[in-house]
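Let's take a friendly walk through one part of a protein model. Have the sequence and the 3D view ready, and follow along.

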Amino acid sequence: MKIVAHELHEVRSMPLHFAAARSTAHSPIARALARKAHARAANDNGDAAQMQAAASSFDNTMRAALRHFAEHGLGAARAARQQAEQAHFTGDREGYRWWLGVCRTLDRRLAGQLEDRIAIETFLTR
């Protein structure tokens, strides 16, 4: 099928009409989908106590990291790393985990380096 020049001109001069967007509140399709979504709703926070405990732990670590930063400034992550190292070498596992968490909150890379170094040292001493 060939398009002749005068037909091409007619196609280009055709007016375009746009339909206004429909409100989703009044759309029958949107209403039907909304009803189905409500019917499928489920309690997705069944582990609320566990989630609350994890959030509380994060909040405590974050508060401690912010206080530590206020005290030590830009060297806070290094100071937390030193505290974690000291706790590790004195055998205080709980203290090590705490200070490693503070260090990780302030500087994830630095905490990762400490974890890697201690893991290697622990592996080599066995």
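Predicted model: local features only at pLDDT ≥ 70, side-chain atom pairs only at ≥ 80, totals over all residues.

## A look at helix α4

Gln83 sits in helix α4. With a relative accessibility of 33%, Gln83 is classed as partly exposed. Although Gln83 and Gly95 lie 12 residues apart in sequence, their C-alpha atoms are 8.3 Å apart in space.

Arg81 also belongs to α4, which covers residues 76-89. Is Arg81 buried or exposed? Arg81 is buried, because its relative accessible area is 16% and the cut-off for buried is under 20%. Here are the two residues side by side:

| Residue | Relative accessibility | Class |
|---|---|---|
| Arg81 | 16% | buried |
| Gln83 | 33% | partly exposed |

Other buried residues of α4 include Ala76, Ala77, Ala80 and Glu85.

What does Arg81 touch, once its neighbours within four places in sequence are left aside? Its contacts are Cys103, Leu110, Gln113, Leu114 and Arg117. Turn to Cys103 and you find Arg81 again, along with Ala77, Ala80, Arg108, Leu110 and Ala111, with neighbours within four places again left out.

Cys103 and Leu114 are also among the residues with the most contacts inside the largest nonpolar core, which has 14 residues. Two or more residues of this core come from each of α3, α4, α5 and α6.

Finally, consider the length of α4. Just after α4, Gly91 has a positive phi of about 85°.

Note on methods
Residues numbered from 1 in each chain as written. Heavy atoms only, no water. Helix = DSSP H or I, 4+ residues; strand = E, 2+ residues; numbered from the N terminus. Buried < 20%, exposed > 50% of the residue type's maximum accessible area, 1.4 Å probe, protein only. Contact = heavy atoms within 4.5 Å. Core = buried A, V, L, I, M, F, W, Y, C linked by side-chain atoms within 4.5 Å.
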